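Open the model in your viewer and keep the sequence panel beside it. We will go from stop to stop, selecting as we go.

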Amino acid sequence: MTDTRRALLSALAAGPVPGPELAKELDVSRAAIWKHIEALREAGFDIEGGVDGYTIESIPDFGGDAVAFGLGAPYDIEFYESIGSTNERAREVAEDGTTGVVVLANEQTGGRGRLDREWLGPPGGIYASILTAPDRPPAHAPLYTLAAAVATVRACDAVDVRATIKWPNDVIVDRKINDSDGGGQSISSPEKNTESDASAGRGGLKLAGILTEMEGEADRVSWLVVGIGINANVDLSQLPPGATSLRAETGDDVDRRRFTQTMLEAYHDFSAEPDTILPAWRERTSTLGRRVRIETPNEVIVGEAVDITHPGALVVETDDARRTVHAGDCEHLRRDTTDDNI
Ligand code: BTN
């Protein structure tokens, strides 16, 4: 999307504006304005040209221009009806040094998850990869993954879906399946995005996942791609067991345009104030205070998750030590579960 298109959308968001005024404000010809208006109409905007100027009467449900319209964050949106992987595309965009772009798609045919897993991306989802270049050391990158998880949970709040975060960055909806542990502990249904993924953890139904990729020098990130996949207006039959979707949780389709805007705005706010990320994450996680089982490449750690530390490591109290875990697959265990009987 060009700067002119973005400026035009923002001018139109303020109300009816005459074409000549738009041309002057944006420093382009009236013919250029007309071309952009036609392109927006083709993209599904209903734009009336009255005596007071152009007025937007309705906005398409989803798409690049639709999300850019009224977006309170400084991102350019590159939209695809269908794409292999938005992360892959964002990495290509990063090659020439471009930043501040969100690659957004309605469908992914080759989506990637953590640990080289596949990520199913049926039509009706929200698949977004946010490309930025924060002026931070590469070691701080996990903070941005946590920020994306909190931003997603905040967008869920706005559509009345109560989601939580399972460390480090799975957005889940808890399910109570029985009260046998006396605490009404929510539960532990198998959770994974691909059926072949036997190592995926437990602890609620998975609504969204995040894959962060980056390139950096010793002291500074060159580019950072935070890829967020949300099962939005998708039927459960299109998802693997253990997953849920916004449609399944609300019983209806959600406004993907608003959802995406809320999420991107929250992510941008967190990126501007990284010190706010960990406190916000602590408020919205269901991992802290839980008994967890974490599988790392070298070992399995079982204990109670007691805190998260900068830039995103989980602190776990095991029977004989306090451990700080930087990466791994986390399962929420039931309180009545013994370590070797999960
Ligand atoms: C996980 O939980 O394993 C992470 C899944 C991340 C999926 C998203 S969808 C948008 C972006 N593009 C990709 O190919 N992957 C991420």
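**First stop: a histidine pair**

Select histidine 140 and histidine 310: their side chains make a polar contact at 3.4 Å. This is a predicted model, so read each distance as a computed value. Histidine 140 sits in the loop between S5 and H6. Leaving aside residues up to four places away in sequence, histidine 140 touches His310 and Pro311.

**The whole chain**

Now zoom out and colour by secondary structure. The chain has nine helices and 14 strands. Of its 342 residues, 54% count as buried. Take the contacts between residues at least 6 apart in sequence: 63% of them join residues at least 24 apart.

**The seven-stranded sheet**

Select the strands S3 to S9. They make an open sheet in the order S3-S4-S5-S9-S8-S7-S6, and the pairing is mixed. Which strands lie at the edges? They are S3 (76–80) and S6 (164–166), each pairing on one side only. From one strand to the next, the twist averages 20°.

Strand S7 (residues 170–173) runs antiparallel to S6, and three bridges join the two.

Select S9. Is this strand enclosed or open to the outside? Nine of its 10 residues are buried, so S9 is largely enclosed by the rest of the structure.

Look at the S5 side. S5 and S9 run antiparallel, joined by seven bridges. Threonine 132 stands opposite leucine 224 in S9.

Then turn to S8. S8 and S9 pair in the antiparallel sense over nine bridges. They form a hairpin, with four residues between the strands. Glycine 209 has glycine 229 in S9 as its bridge partner.

As you trace any strand, watch the side chains. In a regular strand they alternate between the two faces of the sheet.

**The nonpolar cores**

Show side chains next. The largest nonpolar core holds 76 residues; Leu12, Ile230, Leu246 and Tyr267 touch the most other members. Helix H6 (residues 141–158) gives the largest share of this core, 12 residues.

Centre on leucine 246. Beyond its neighbours up to four places away in sequence, leucine 246 touches residues including Cys156, Val161, Leu207, Ile230, Val254 and Phe259. A second, separate core has 12 residues, among them Ala90, Val93, Leu131 and Trp223.

**Helix H8**

Select residues 256–272, which make up H8. How far apart are the end C-alpha atoms of H8? They are 24 Å apart, which agrees with the 24 Å that its 17 residues should span at 1.5 Å a residue.

Now colour by accessibility. Of the 17 residues of H8, 12 are buried, so the helix is largely enclosed by the rest of the structure. The buried ones include Arg256, Arg257, Phe259, Met263, Leu264, Tyr267 and Phe270. An α-helix has 3.6 residues a turn, so residues three or four places apart point the same way.

Zoom in on the start of H8. A side-chain oxygen of aspartate 255 reaches to within 3.1 Å of the backbone nitrogen of arginine 257.

**The five-stranded sheet**

Move on to strands S10 to S14. They form an open, antiparallel sheet in the order S13-S12-S11-S10-S14. Its edge strands are S13 (322–325) and S14 (329–333), each pairing on one side only. Neighbouring strands of this sheet are turned by 45° against each other on average, direction ignored.

Find S12, residues 313–317. Four bridges join S12 to S13, and the two strands run antiparallel. Valine 316 stands opposite arginine 323 in S13.

**Last stop: arginine 290**

Select arginine 290, in the loop between helix H9 (277–284) and strand S10 (291–295). Is this residue buried or exposed? Arginine 290 is buried: its relative accessible area is 7%, and buried means under 20%.

Arginine 290 and leucine 333 are 43 residues apart in sequence, and their C-alpha atoms are 7.2 Å apart in space.

Technical notes: Residues are numbered from 1 along each chain as its sequence is written. This is a predicted model: local features need pLDDT of at least 70, side-chain atom pairs count only at pLDDT 80 or more; totals for chains, interfaces and linings use all residues. Side-chain values use heavy atoms; hydrogens and water are left out. Two strands pair if DSSP finds at least two bridges between them. Axes are lines fitted to C-alpha atoms, for helices over the stretch in contact, and angles run from 0 to 180 degrees between N-to-C directions. A nonpolar core is a set of buried Ala, Val, Leu, Ile, Met, Phe, Trp, Tyr and Cys residues joined through side-chain atoms within 4.5 Å. Buried means under 20% relative accessible area, exposed over 50%, partly exposed in between (1.4 Å probe, protein chains only). Contact means heavy atoms within 4.5 Å. The expected span of a helix is 1.5 Å times one less than its number of residues. A polar contact is a pair of N or O atoms within 3.5 Å; within protein, one must be able to donate a hydrogen and the other to accept it, and residues adjacent in sequence count only if both atoms are side-chain atoms.
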